[in-house]
Amino acid sequence: MAPRAYWKGTLKLSLVSCPVVLYPASTSVEKTRFHMINKETGNRLKQQMIDAETGDVVESDQKGRGYELKKGQYVEIEKEELEAVQIESNHTIEIDSFVPRAEIDKRYYNNPYYVAPDGKAAIDAFAVIRDAMKDEERVALARIVLTNREHVIAIEPLGKGLLGTTLRYPYELRDEDDYFDDIKTPKITKDMVELASHILQTKAAHFDPSKFKDEYEDALKALVRRKASGKPIKAAEPEEKPDNVINLMDALKASLKGKPAGRRRAPASRGAPARRTAKKAHRSTARQRKAG
């Protein structure tokens with residue numbers, strides 16, 4: 001059974017257009033979920049909407065949308081009135097521009113979607129747009145309406161299809177200065193930076209999401225299995241907290257212990273800078289070659 005489309009409309013590049021469908025590229029279906037239950041009966045609970053003032057239960061046909069003008073005063077907006085706010089991107093993804101991929105701040109990326117042609121008649125035009133984009137290190141920016149909201153969407157080729165990622169608006173991002181302004185600028189020695197850089201080099205790798213492991217999800221599944229089978233649940237031992245008083249240089253040196261000697265540039269003796277040790281070893285090797 002084919003997945004159900006999340007959105008249907010038209011993708012337009014100038015005068016070239018084709019029907020397309022969007023599918024969410026991410027899912028949380030596999031995550032362990034819990035329901036609220038009555039502990040006495042074991043029955044599942046259901047939520048109800050309650051009038052904040054009267055305390056009465058509000059049925060579904062009584063629910064509506066309201067915008068708060070001031071404290072406790074709302075203007076009601078009908079569904080038909082929202083639908084009357086028609087904008088071109090309601091059913092169209094019109095490409096406005098192409099920007100270098102590297103220029104998009106990663107903080108703006110929001111939700112990913114797979115974009116595919118809608119029907120056999122759309123395949124040719126879709127392939128033309130997709131293949132034209134493959135020749136450039138650029139991402140298409142367009143507008144789309146999802147869940148009654150207009151979004152900017154970044155579109156780029158992905159295999160036989162396209163990947164569309166909605167972008168946040170600037171007003172949705174918090175200013176980093178509010179969080180980073182109070183960070184002091186301490187005096188860090190060059191030796192410390194060199195040691196830290198070496199630690200980074202020993203951990204260099206390639207991005208491989210197949211190695212990602214959701215340990216908490218695995219633990220939840222194990223918990224449910226044990227509980228369902230009637231086995232006792234044993235609380236994990238609390239992790240021992242490290243001492244807050246740390247000598248940074250000692251911590252950096254300790255981080256290098258146990259690494260292969262050939263990839264190690266740590267000081268041979270306590271307090272000797274890493275670069276001096278490397279030079280000393282180089283001179284020693286040169287003397288050995290000369291003597292031989």
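## Report on a predicted protein model

The protein contains seven helices and 11 strands; helices (H or I, at least four residues) and strands (E, at least two) are DSSP runs, numbered from the N terminus. This is a predicted model, in which local features need pLDDT of at least 70, side-chain atom pairs count only at pLDDT 80 or more, and totals for chains, interfaces and linings use all residues. Residues are numbered from 1 along each chain as its sequence is written, and side-chain values use heavy atoms, with hydrogens and water left out.

The average pLDDT of the protein is 82, and 84% of the residues score at least 70; pLDDT is the predictor's confidence in each residue, from 0 to 100. Over residues 258-292 the pLDDT is below 50, and this stretch has 31 contacts in the model beyond near neighbours in sequence. Where pLDDT is low, the predicted coordinates should not be read in detail.

Of the 292 residues, 20% count as buried. Buried means under 20% relative accessible area, exposed means over 50%, and partly exposed lies in between (1.4 Å probe, protein chains only). Among contacts (heavy atoms within 4.5 Å) between residues at least 6 apart in sequence, 62% join residues at least 24 apart.

### Surface

The accessible surface of the protein is about 24100 Å², and carbon and sulfur atoms account for 53% of this surface. Accessible areas come from the Shrake-Rupley method with a 1.4 Å probe; for residues, only the protein chains shown count as cover. Tyr67, Leu69, Val75, Ile77 and Leu82 make a nonpolar surface patch of about 440 Å². Strand 5 (65-70) and strand 6 (73-77) are the elements that give two or more residues to the nonpolar patch. Patches are made of residues with over 30% relative accessible area and no salt bridge, where like charges are joined within 9 Å and nonpolar side chains (Val, Leu, Ile, Met, Phe, Trp, Tyr) within 5 Å. Ile77 lies in strand 6 and is partly exposed, at a relative accessible area of 31%.

### Salt bridges

The whole structure holds 10 salt bridges, each defined as a side-chain nitrogen of Lys or Arg within 4 Å of a carboxyl oxygen of Asp or Glu.

| Pair | Distance |
|---|---|
| Arg143 and Asp96 | 2.9 Å |
| Glu137 and Arg101 | 2.9 Å |
| Lys221 and Glu217 | 2.5 Å |

Arg143 forms a salt bridge with Asp96. Because Arg143 lies in strand 9 (residues 138-146) and Asp96 in strand 7 (residues 92-100), this pair ties together parts that are 47 residues apart in sequence. Arg143 is partly exposed at 29% relative accessibility, and Asp96 is partly exposed at 44%. Asp96, Arg143 and Glu150 are linked in a network of salt bridges.

Glu137 and Arg101 meet through their side chains in another salt bridge. This pair links distant parts of the chain, 36 residues apart: Glu137 is in the loop between helix 2 (123-134) and strand 9, and Arg101 is in the loop between strand 7 and strand 8 (109-117). Glu137 is exposed, with a relative accessible area of 60%, whereas Arg101 is partly exposed at 29%.

Lys221 and Glu217 both belong to helix 5, four residues apart, or about one turn of the helix. Lys221 counts as partly exposed at 33% relative accessibility, while Glu217 counts as buried at 10%.

### Further individual residues

Arg130 is located in helix 2 and counts as buried, at 15% relative accessibility. The side chain of Arg130 makes a polar contact with the side chain of Asp131 at 2.9 Å. A polar contact is a pair of N or O atoms within 3.5 Å; within protein, one must be able to donate a hydrogen and the other to accept it, and residues adjacent in sequence count only if both atoms are side-chain atoms. Beyond its neighbours within four places in sequence, Arg130 is in contact with Pro157, Gly159, Lys160, Gly161 and Leu162.

Thr165 is placed in strand 11 (residues 161-167) and is buried at 9% relative accessibility. Not counting residues up to four places away in sequence, Thr165 touches Tyr109, Asn110, Asn111, Pro112, Val152, Ile153 and Ala154.

Asp208 occupies the loop between helix 4 (190-202) and helix 5 (215-228). Asp208 is partly exposed at 28% relative accessibility, and its side chain makes a polar contact with the side chain of Ser210 at 2.5 Å.
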